[in-house]
Amino acid sequence: MRHALLLAVTCLLVTLCGANAAADEYTVDWELYHTKDAIFQALEDIVGTQQAPESLAITSETGKDGNYSSKLTVVTVEPGSLTGEDEKKIRLLLNFGEHGRELITNEVALQLLQLLAHDDKLAAFCQRQGIPLQPLLAALMHTVIKVVPMENPRGRERVEAGEVCLRTNGRDVDINRNWGVHWGHKEADYDPKEEYPGTAPFSEPEAVMMKALATGFKPHVWVNVHSGMEALFLPYDHRAEVPKGPGPKAALEILHELNRTMCGGRCAVGSGGKSVGYLAHGTATDYMFEELGIAMAYTWEIYGDTKATYTECFRMFNPSTKQEIEKVVTAWTSAFLRLILLLPSHPAVAKDSPAMVKAIQEGHREAKNGGTVATAANAAVASGDAAADSGLADVGNSFGTGSVDALAAQPADAVEDVAEVTALARLREGSAAHEEGAALQGGRGTVGWWQPPFIAVAIMLTFVCVFQRRPVWRRLSGGARLMAPRRRAPVGV
């Protein structure tokens, strides 16, 4: 009897310790992630400090159903100016934070908007990531982007209150099961805590407002951003197949290219229903494609920890270190910028905006020519520095380093010694060469902003150098399922 009692007590203690351990694993480090209120304040700051005051705008609306309400905040980005003439440009609708627990998606939205609001930050980011800036800037002038940084703020509130594994909205409905395509169908392992689709299609204010936004905006591109694995999906979610035709084929090719350049080939690519490991019914992406006719309707899964167990919910969907967060945010922000450059390969874009296609092509040509000029400029600076250093050494060797500045400041006719004249001439020529090369190198402040006058200077400098005999002058993974007592649990989709 005593042994049985001791065993029971031991089991109880193990259970309690395990529960406490699981609870600890659910703790969110809010020093690493923005809270909901901090996100919306950051959005106001981004729009308020944009370099081009007429390129970004933020709007909000509130949807209600009985006593329940939710707010939808949208940031519109139209580089150049907010013309309101959306129909003349390529339109992208990007949705983040549909599920409350997927905090990492909101961080990507903030980073993307920060870059689109500040040309200098965008240029620096593109240089670091190897994204051709000229074609991207050209493409953006023909683009309107609407970003929903957090579709599900009511669910996010509950996550921040301690329900860090919560997928649903403020009243326990999965917004990504509340859409009208194949709504209400349930798989054998359906879990109402995770996938409750609501009382009817579009019973939830969040889905109603998003549908209205998409219907009015008529985007060419829809991207629903989630976490739980690393994947690039297109329809269908409710069938294990990809739509047929040249449009879906082109849309799929874009995903394959992003997988190659951004994912390193590790992302699952294809239909959500075939690649994620389960069928999903009533999803936003299927509705956007089937009912609204959006040519490129995508679901992106941007992070998943394959080693996390079902009790390690937060780590399953979100990076847990600053380094991991920065890596994921940088990679997927880069993916959105690369996506814009790939859009002309789709027939819908080629048809609706030949101007965008032409602008990107011209941007590539300018970047190529700008690179040629930059090479000559960098060489010019290097040669100028070498000549200046040589002249400086001559002056220093002949007269001592303390007299160099005084010598350089004297008028030419005040220097009588032949050695002094020769050394000082080399110093001045080298300095002048450096300045000319630096001016050419800088262009309009960014390598690649080439202009005909700079090309003329490069030719002139090359001519001078040659004839004077001087040198010429820089995931849950695709097949993974959550480890759980049940057969599977939904990832982002």
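1. K36, D37, R154 and E157 are joined in a network of salt bridges. A salt bridge here is a side-chain nitrogen of Lys or Arg within 4 Å of a carboxyl oxygen of Asp or Glu. The whole structure holds 18 salt bridges.

2. The model is predicted: local features need pLDDT of at least 70, side-chain atom pairs count only at pLDDT 80 or more, and totals for chains, interfaces and linings use all residues. Residues are numbered from 1 along each chain as its sequence is written, and side-chain values use heavy atoms, with hydrogens and water left out.

3. D65 and R171 form a salt bridge, 2.6 Å from N to O. D65 lies in strand 1 (residues 56-65) and R171 in the loop between helix 6 (153-160) and helix 7 (192-195), 106 residues apart in the chain. Helices (H or I, at least four residues) and strands (E, at least two) are DSSP runs, numbered from the N terminus. D65 is partly exposed, at 35% relative accessible area, and R171 is partly exposed at 27%. Buried means under 20% relative accessible area, exposed over 50%, and partly exposed in between (1.4 Å probe, protein chains only).

4. R177 pairs with E195 in a salt bridge whose closest N and O atoms are 3.2 Å apart. R177 sits in the loop between helix 6 and helix 7, and E195 in helix 7, 18 residues apart. R177 is buried, with a relative accessible area of 2%; E195 is buried as well, at 6%.

5. In the salt bridge of D305 with R315, the closest N and O atoms are 2.6 Å apart. D305 belongs to the loop between strand 8 (296-303) and helix 12 (313-317), while R315 is in helix 12. D305 counts as buried at 12% relative accessibility, whereas R315 is partly exposed at 26%.

6. Helix 5 (residues 133-140) and helix 13 (residues 322-342) pack at about 75°, their axes 9 Å apart. Axes are lines fitted to C-alpha atoms, for helices over the stretch in contact, and angles run from 0 to 180 degrees between N-to-C directions. The two helices, helix 5 and helix 13, are therefore roughly perpendicular; angles under 35 degrees count as roughly parallel, over 145 as roughly antiparallel, 65 to 115 as roughly perpendicular and the rest as oblique. P135, L136, A139 and L140 of helix 5 make the contact (heavy atoms within 4.5 Å) with L337, I340 and L341 of helix 13.
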